[in-house]
Amino acid sequence: MSASSESILEAFPLTIRDWLASVVPLDWLQWLILSLIGIVAILTVFGLTFAFTTVTERKLLGRFQNRLGPNRVRIFGIRVFGFFQPFADAVKALTKEDIVPAAADKVLHFLAPCAMVAFSLLGFAVLPFGKHLSLLSNIDAALLYFFAAGAASELAIFMAGWSSNNKFSLISSMRALAQLISYELPLLLVAVPAVLMAGSLSLTGIVVNQGGDLGILNWNVFTPWGFAGFIIFFIAALAECNRCPFDLPEGESEIIAGYLTEYSGFKYALFFMGEYFGMMSLSGLGVTLFLGGWQAPCAALAFIPSYLWFYAKLIVMILCFIWMRATLLRLRMDQLMRLSWKFLVPLALVNLGTVTFWKYTADWEGGMLVARWLIAIALVILPFISLGKVLSSGLGPRKYRYA
Amino acid sequence: MLGTGILKGLYITAKNLVGSYYSSERLTTIQYPEQRAQLPENYRNFPFLVYDGEDAIDGLRCTACKMCEKECPPQCIYIIPERDEKGKLQKKPKVFDIDISVCMGCGICAEVCPFESIKMDHHFEVAQRNRFAGLLLHREQLAKSNKYYHSIRPKEATAVDESLAEEKRKAEEKAKAAAAAKEAAAKAAAAKAADAAKAKTDDLEEKKN
């Protein structure tokens, strides 16, 4: 019974898709409809996730600061703890006046938010959401495609900053460019070990490689190199999607709202959407590379469809992002650069060595297995401690002599 | 070690997150329209006029001395005193307007008032649909009972009542003393007059003789 029900649930989205497509008799139209259904499904699922992430974030931030958070919006007198907030926000964004500065480059000013959303959506195309669920599952170099698509959003941000013809916008987009380029590097470098272990650039291949009898222990994050890689990935992902503590491009205290300064109404909402889509797709990549993708943590739990597992892990990642935002302060520009170039990049390079060691000692057994683990852990911890010591020497704790 | 500070911070925020669901004492905010914070007694925003007794206009303590009008830094007070048919001042305001769109809530008017008439209010929900007429408060809107004054500033109001009663007593005593003195003076004058009259008659009689 379990086997059959599992397969039905597992393939459920595909069954619906095929049934919908089969209504159309023409072959080429069928192909188009198959693709369109996939796109619509992704837009719906992640659009709704975006909507509820915003309200969840605001509510959780409230709780992190001992407040209640938004709890007012009601529809037909029903107030579900304020969870209708995104709909009210959407109505507000749509009805607000859309102001384009007189000195702005009108075309670019209009294109930037559209490009932002479009580029941040591209990443979803290759993520394996489930065993059979991926829009472009047959791409071999999915990881490369993902990073290429992700890098394009920098263009959108610079477009916004440049076209606004506003000094704050321009400063902020410069900052954003510097930040995104610096953090792209550690992000790429920590993705390499997963590729190395799986022997494939295909994201599906990487996920399949993390399956096995051990369940959760097969996930990359439970290896020394995977753990270190995941932490670095997490930090770099925070920076990649401009989130606190790396939200310098939007530093309200210094440059108003950064490249969003001259945007209002729904264009502003589109930027917001793009940012959250970027966050979700990067979280999805993190889940795929380190948290076992759509794999269930143990065989007993495999009756829950794989796409739900993927989604649950994605949500957990997003919640961690929110937790970070609630805890940490914004960095300074030089601190940001130093963290990336002097700390994350060297550690990511060392991590490449660790994973090579791990790969070539796969057949060690018994006492040698313990040695393998110890050496790998040492390879992760020692550079971290020594690099941390060197970098933070003479920096703290600060003494307030005049206070 | 590097990163321990971040972990400590994460622990603290996580504690807040979980704790806020368990103990409501942690929650520092108040759900405003339904719940209201107790305003501190010395809170002030806009002035109002205190009246004694039942009738709001007759009982006003204000004597239209215009002290507040003169002292008001943004000059948001406008007073016209009452006059009777002959044009004599009545020690009462005929018009007493405060433009609260101009008022800066400094409380100087309340400080200079020698009759304990103008005081600072606790009422802060002053939003109006008409920003010109709606925010210009007249005598009728400004007049609030002494009871209300007691309800918002019990300590200050009691002290004011005591000092007013004391002043009244003193004034009465003074009036009494004045009346007594007047009476005595009148008596003395009468006696003198009688003496003078007597002396006059005496003189006349002497002349006759």
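The pLDDT is the predictor's confidence in each residue, on a scale from 0 to 100. This is a predicted model, in which local features need pLDDT of at least 70 and side-chain atom pairs count only at pLDDT 80 or more, while totals for chains, interfaces and linings use all residues; side-chain values use heavy atoms, with hydrogens and water left out. Residues are numbered from 1 along each chain as its sequence is written, and chains are lettered from A and ligands numbered from 1 in the order in which they are written.

**View 1. Confidence along chain B.** The mean pLDDT of chain B is 88, with 100% of its residues at 70 or more. Within chain B, confidence is lowest in helix H6 (residues 154–208), at a mean of 87, and highest in helix H3 (residues 108–112), at 92; helices (H or I, at least four residues) and strands (E, at least two) are DSSP runs, numbered from the N terminus.

**View 2. The three-stranded sheet of chain B.** Three strands in the order S4-S1-S6 form an open sheet with mixed pairing in chain B, where two strands pair if DSSP finds at least two bridges between them. Strand S4 (118–120) and strand S6 (143–145) of chain B are the edge strands, each pairing on one side only, and the twist from one strand to the next averages 50 degrees, given that angles run from 0 to 180 degrees between N-to-C directions of axes fitted to C-alpha atoms.

**View 3. Strand S1 and its partners.** Strand S1 (residues 47–51) of chain B runs parallel to S6(B), to which three bridges join it, and B:Tyr51 stands opposite B:Ser145 in S6(B). Three bridges also join S1(B) to S4(B), here in antiparallel fashion, with B:Ile118 in S4(B) as the bridge partner of B:Leu49. S1(B) is mostly covered, five of its five residues being buried, where buried means under 20% relative accessible area, exposed over 50% and partly exposed in between (1.4 Å probe, protein chains only).
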